[in-house]
Amino acid sequence: MNDPRPVIETQKLTKTYRMGATDVFALRGVDMRINAGDFVALMGASGSGKSTMMHLLGCLDTPTTGRYLLEGRDVGSLSAQERARLRNQRIGFVFQTFNLLPRLTALDNVALPLLYRAAGKQGNAEPASPRKRALVALERVGLAERAGHRPTQLSGGQRQRVAIARALVGDPALILADEPTGNLDSSTGGDIMRLLAELHAEGRTLLLVTHDRAVADQAEYTLHMRDGRLLP
Ligand SMILES: Nc1ncnc2c1ncn2[C@@H]1O[C@H](COP(=O)(O)OP(=O)(O)OP(=O)(O)O)[C@@H](O)[C@H]1O
Ligand SMILES: [Mg+2]
């Protein structure tokens, strides 16, 4: 059998936040490897560095030192613009607080990454219009009939499904979810977890931060962080 292909590979990744005169060592050298198609939970006490790690993996921030290879590409060697393009094309992000734009409908929130994508490139247009693809993504999460609603007109669980549709719409290699069920009651959180499990079953790579053991148990395996390090 072939060696599994790593989607994420980090080498001695560190992140230090400068806070006035003191340094906060949020990550102290993380070696992480996640293969294509894996469904992985990331757990650890508050402040252990999980969100910091997710931001680096999501190309939302850059490490202080160390290397990050996304699908074999050295992210540190890219310009800010190239990194933004990589993030847009290869990564879907789901946040605890949904992070939808309040003035946009569900449909336009989901279409937004495709509009950024179209704006950032010359030449050939996308095969289908952003709104058509956004509607397909909303159908995928069972919310096509709510396409015209604004976030305030949706329940928490529905908002998170819209956010998942937004994460999905660009057909990313990797979905990063930072406590996606953290603001939801357990039954609604269960719906979100079923949806994420389906995306995994379709072959997507998923990394999910959670404080909830029952949520982590739905992943294939769990990684643990403590004090800026990954436990062996
Ligand atoms: N922007 C920032 N500036 C300064 N320090 C930060 C910043 N972001 C995080 N930190 C610090 O880095 C450490 C790791 O924070 P991080 O948010 O990654 O933890 P976490 O594991 O996600 O915690 P939680 O479970 O509470 O979400 C903490 O000590 C935190 O105070
Ligand atoms: Mg966090």
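Modeller: That would be α2, which supplies 6 residues of the lining of the largest pocket. Helices (DSSP runs of H or I, at least four residues) and strands (E, at least two) are numbered from the N terminus. This is a predicted model, where local features need pLDDT of at least 70 and side-chain atom pairs pLDDT 80 or more, while totals for linings use all residues. Residues are numbered from 1 along each chain, chains are lettered from A and ligands numbered from 1 as written, and side-chain values use heavy atoms without hydrogens or water.

The largest pocket holds about 670 Å³ of space. Its lining has 24 residues, and Ala-84, Arg-87, Asn-88, Pro-113 and Tyr-116 are the closest to its centre. Two or more lining residues come from each of α2 (80-90), β6 (91-95), α3 (106-119) and α5 (156-168). By type, the lining divides into 11 nonpolar, 7 polar and 6 charged residues. (A pocket is an open set of points on a 1 Å grid where a 1.4 Å probe fits, with protein on both sides within 12 Å along at least five of seven lines; lining residues have an atom within 4 Å of a point.)

Now for the salt bridges, where a Lys or Arg side-chain nitrogen is within 4 Å of an Asp or Glu carboxyl oxygen. The count comes to 12. In one of them, the side chains of Arg-28 and Asp-227 meet at 3.8 Å, N to O. This pair joins distant parts of the chain, 199 residues apart: Arg-28 is in strand β2 (residues 22-35), and Asp-227 is in the loop between β9 (221-226) and β10 (229-230).

Another salt bridge brings Glu-198 and Arg-140 together at 3.2 Å, N to O. Here helix α6 (residues 186-201) holds Glu-198 and helix α4 (residues 130-140) holds Arg-140, 58 residues apart. Glu-198 is partly exposed at 41%, and Arg-140 is partly exposed at 26%. These two also belong to a salt-bridge network with Asp-171, Glu-202 and Arg-204.

Asp-191 is partly exposed, at 38%.

Key:
Grid points are joined across faces, edges and corners, and a volume is the space filled by probe spheres set on the points. Ala, Val, Leu, Ile, Met, Phe, Trp, Tyr, Cys and Pro count as nonpolar, Asp, Glu, Lys and Arg as charged, and the others, Gly among them, as polar. Buried means under 20% relative accessible area, exposed over 50%, partly exposed in between (1.4 Å probe, protein chains only).
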